[in-house]
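Q: I have a structure open on my screen and I'd like to learn how to read it. Can you walk me through it, feature by feature?

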Amino acid sequence: MISAIGKDINGNNTFQARKREAGQAPELPYEHDTLLKNNLSTRTRIGLEKFTKAFTQYPARGIKGSKNSNFYEFLTMGNFPNVMGSLTLMAIFNSANPFFSHFGAKEASRLGNKMALGVLFYGLFKRFSKTLVNYPIKLATGIDTELPYAKVNNRLQEHPDDFDLKSIEYHKVGESVDFTYWDMLYGDPKKGEKRNFRFDKIAKKVGLGKDLNDSDQEVKPIYKEVLVKSKVAKSISTFLWAATGVCLAFQDAWLEYFNCATMKFWKGKEFGHSMKIFGRSFKEAVKELYHGKENAVRMIDKHAGKAVMGLAVLSTVAGVLNTLHITKKPSKLTAEDVMDKKKECVVG
C-alpha cells in the first residue's frame, strides 16, 4: 500500500497509511497467484465472473482508454459477440412469427425452436467435450491439462488517489506449452506439502517409478508432450461434438418438448414435467439421429447421423490414445549398461 507524507504535531514529516475509500479497489479473495481446484463449482464461478466482467468492467475500461486494459480482457470480451450472435440466430425465425399466417407461424416456430436449441447445444457440446478428452488423460497420467489458477495483477495508477490497485485473471497452468507455470505445481511447505508431491504422483502414474530424486525434471518433458497432444485432440473433437449437438437439435423428437417447454422454474410442477419431457426427447433424438429417418430414401439421409456421431467419438478416442502414447520418457539405461568394466579406459 502507498503511504502519504504528512505532518505530526511537532511539524515533522511522517508517513500516514491511507484509508480505503468508497469506489476504490475492494479486497480480493487472493493475495497472490493461487492454484484452484478443477471442479464444476470452480469452473462455473470462473465462467460467471468472466462473463459478467466481459459485459461491464472490461468494455468500460477499454472505452476509456485505460492503461490497465490488457490482452486478457480483450480475449474475455469475445464472450460479447458470441452471445449477441447466438441471440440473433435464435431470434431470426421467431421474431417474425406474428407477421405470418397461423400455419406459417407454426412452421416458422418449429424451425426457430430447433435453431435456438441448436445454438445452445453447439456451445454446451463444445465446452463439455473437452472433459471427454481431459478426464481419461488425467486418470491415466495424473496430468490435468485444464488445471486453473488465479493470477493477481498489480494495476497501474490512473489517478493521484489510486493505491493498492489489483485485479484477478483466471488462467490455466498449461495455457502455454512454452511458458508453463511450473511454480503452481510445486507444493507449499507452509501447508505441510512436499515440494514435488504433484510431480511424484505423475511420475508414478506414467511409470517412472517412485521416490525419484528429481521427479519434476523427469516429468516436465512428459507434461509438455501431453499438453501439446491434448490441445490437438481437443481442437478436433470439440467441433465434431458441437456439430453433433446441432444435428441432435434438429431432430423431430423435440416437438413434444417444444409443446410443453417452460422456463418458469418457480412453478415447480410445470417445470419438473417440462424437464422430464426434455430428458425423454433427448433420448429419442439420439436414437433418431443414429438410425436416421424411417422414410429416408437416400443413403446419406439414413447414415449421416451415424457418421457424425461416429467421427466425434472416434476423434475423442484417437486423441486420447495418441496423447497417452508418451515418447518423452527418459531412458532407463544406467552407466553399467553402457560401459564395459572389463575394458580399459583412460581418465583425462
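Q: Let's start with one residue. Where is Ile277 found?
A: Keep in mind that this is a predicted model. Ile277 belongs to helix α9, which covers residues 268-291.

Q: How far apart are Ile277 and Cys260, in sequence and in space?
A: Along the chain the two are 17 residues apart, and from C-alpha to C-alpha the distance is 8.0 Å.

Q: What about Phe121, where does that one sit?
A: Phe121 is part of helix α5. With a relative accessible area of 4%, Phe121 is buried. Its C-alpha atom is 8.2 Å from that of Leu248, a residue 127 positions away along the chain.

Q: What happens just after α5?
A: There you find Gly142, with a positive phi of about 85°.

Q: Which residue has a positive phi although it is not a glycine?
A: Here's the general idea: most residues other than glycine have a negative phi. In this model, Asp211 has a positive phi of about 60°. Asp211 lies in the loop between α6 and α7. Its relative accessibility is 69%, so Asp211 counts as exposed.

Q: Back to α5. What can you tell me about Asn134, is it buried or exposed?
A: Asn134 is another residue of helix α5. At 7% relative accessibility, Asn134 counts as buried. Between Asn134 and Glu146 there are 7.2 Å, C-alpha to C-alpha, and they are 12 residues apart in sequence.

Q: How do the residues of the lining of the largest pocket divide into nonpolar, polar and charged?
A: You'll find 19 nonpolar, 17 polar and 11 charged residues there.

Q: How many aromatic pairs does the structure hold?
A: The structure holds 16 aromatic pairs. To read one, look at the distance between ring centres and the angle between planes. Take Phe51 and Phe55: their ring centres are 4.9 Å apart and their planes meet at 45°, so this pair is tilted. Both residues lie in helix α1, four residues apart, or about one turn of the helix. Phe51 is partly exposed at 37% relative accessible area, and Phe55 is partly exposed as well, at 31%.

Q: And what kind of pair do Trp182 and Tyr223 make?
A: Their ring centres are 5.3 Å apart with planes at 75°, so this pair is edge-to-face. Trp182 lies in the loop between β5 and α6 (197-205), while Tyr223 lies in helix α7, so the pair ties together parts that are 41 residues apart in sequence. Trp182 counts as buried at 15%, and Tyr223 counts as buried at 2%.

Q: Where is the place of Met184?
A: Met184 is in the loop between β5 and α6. Met184 is buried, with a relative accessible area of 11%. The C-alpha atoms of Met184 and Leu35 are separated by 6.1 Å, although the residues are 149 apart along the chain.

Q: Last one: which charged ends sit over rings?
A: Arg195 has its charged end over the ring of Tyr186, 4.0 Å from the ring centre. Likewise, the charged end of Lys306 sits over the ring of Tyr290, 5.1 Å from its centre.

Note on methods:
Residues are numbered from 1 along each chain as its sequence is written. This is a predicted model: local features need pLDDT of at least 70, side-chain atom pairs count only at pLDDT 80 or more; totals for chains, interfaces and linings use all residues. Side-chain values use heavy atoms; hydrogens and water are left out. Helices (H or I, at least four residues) and strands (E, at least two) are DSSP runs, numbered from the N terminus. Ala, Val, Leu, Ile, Met, Phe, Trp, Tyr, Cys and Pro count as nonpolar, Asp, Glu, Lys and Arg as charged, and the others, Gly among them, as polar. Rings of Phe, Tyr and Trp (its six-membered ring) pair if their centres lie within 6.5 Å; planes under 30 degrees apart count as stacked, over 60 as edge-to-face and the rest as tilted. Buried means under 20% relative accessible area, exposed over 50%, partly exposed in between (1.4 Å probe, protein chains only). A charge sits over a ring if NZ of Lys or CZ of Arg is within 6 Å of the ring centre and within 35 degrees of the ring normal.
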